[in-house]
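Please consult the sequence and the structure while reading.

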Amino acid sequence: MAVKLKLKDTRDKKHRKLTRSDVHKAARRYKNWGRWGKDDEIGTLNFTTAADIVSAARLVRKGKVISLALNYDQHGPQGGKTKYPALGRFNPLHLMLRTGTDAYSGVLDHRKIRGTDDIIIMPLQCGTQWDGLGHILYYDHMWNGYDCRNVTTSGAQKGGIEKTREKMVGRGDYLLVRTGHVERCLAAKSWDGYSGGDAPGLAFETVDWIHKREIAGIATDTWGVEVRPNETEDTNQPWHWITIPIMGLTVGEIFHLGDLARDCAEDKRYEFLFVAPALPITGAVGSPANPLAIK
């Protein structure tokens, strides 16, 4: 879906600095708590109906599938030089449990079959990923007014990413915003400044547009969706403060949108079947994904 959405650039110095008071006002204006019942745990994903998915499926004409994910490997977006902390996130560590060398040596033949196995160690939000509704808190509360202490050492007891296991499928109810940030880093062969650094992104005022249009989910090719440096000095990631815990918006980050953008420019079609479910990891507050645009 092609739309006009106001983005901010870090060089824009004319915009009035927001304050925590502005964040509080927005929270009162855009609060969706209770909108889908007091027990809801998926927020704006409720906007996508079965009819919407049927309509989205009808958009498939060429059978062309475009992945919107970066590969999960040691070359991922974490670990680049930045003046901001990366929240302890690191690139995936892929390790082999059984290799072809093991098989060749015969040490596995007692199992009467030769094969290989592997494991991966990774933060769930180190690459192309969805933020779960337990990821950002508004003071002592998470989405739908749940006490923030529902997120324990055992994971999110409310709003866990597994509750979305049959969602993230649709068309214009999901909005993808390309800034070119991922492509710039890939071209430079450097992720310096990407994670937590300065970036183009959505202005705080876009929460009004998103709320009015009942967007189910939004994803961008940046580390944190909103413009950085942020538009406030007393609140970190103010857009996140409102969209996730107050509106219940599903937010995707670090999407690789270059191939899709080029294809859309060629065929002049900016809508498609979007399929991007999160991994149903019980209690997780985020999840890696391999989002697909099917045209």
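**A salt bridge across the chain**

Glu271 is partly exposed, with a relative accessible area of 30%; buried means under 20% relative accessible area, exposed over 50%, and partly exposed in between (1.4 Å probe, protein chains only). The model is predicted: local features need pLDDT of at least 70, side-chain atom pairs count only at pLDDT 80 or more, and totals for chains, interfaces and linings use all residues. Residues are numbered from 1 along each chain as its sequence is written, and side-chain values use heavy atoms, with hydrogens and water left out.

Glu271 and Arg171 meet through their side chains in a salt bridge (2.6 Å, N to O); the term denotes a side-chain nitrogen of Lys or Arg within 4 Å of a carboxyl oxygen of Asp or Glu. This pair links distant parts of the chain, 100 residues apart: Arg171 is in the loop between β8 (169-170) and β9 (174-177), and Glu271 is in the loop between α7 (258-267) and β13 (273-275). Helices (H or I, at least four residues) and strands (E, at least two) are DSSP runs, numbered from the N terminus. Arg171 is partly exposed, at 28% relative accessibility.

**Other salt bridges**

Side chains of opposite charge can pair when their charged atoms come close. The count of salt bridges in this model comes to 17. One of them joins Asp259 and Arg262 (2.7 Å, N to O). Because these two residues are 3 residues apart in helix α7, about one helical turn separates Asp259 from Arg262. Asp259 is partly exposed at 40% relative accessibility, and Arg262 is partly exposed with a relative accessible area of 44%.

**The buried face of α1**

Helix α1 (residues 20-30) has Asp22, Val23, Ala26, Ala27 and Tyr30 as buried residues. Seen down the axis of α1, these buried residues fall within an arc of 145 degrees, so they line one face of the helix; the arc is that of the directions from the helix axis to the C-beta atoms. The buried residues of α1 pack against α5 (206-212) and α6 (238-243), where contact means heavy atoms within 4.5 Å.

**The surroundings of Asp40**

Asp40 lies in the loop between α1 and α2 (50-57) and counts as buried at 9% relative accessibility. Leaving aside residues up to four places away in sequence, Asp40 touches Asn46, Trp143, Asn144 and Tyr146. Asp40 and Tyr146 are 106 residues apart in sequence, yet 9.9 Å apart in space, C-alpha to C-alpha.
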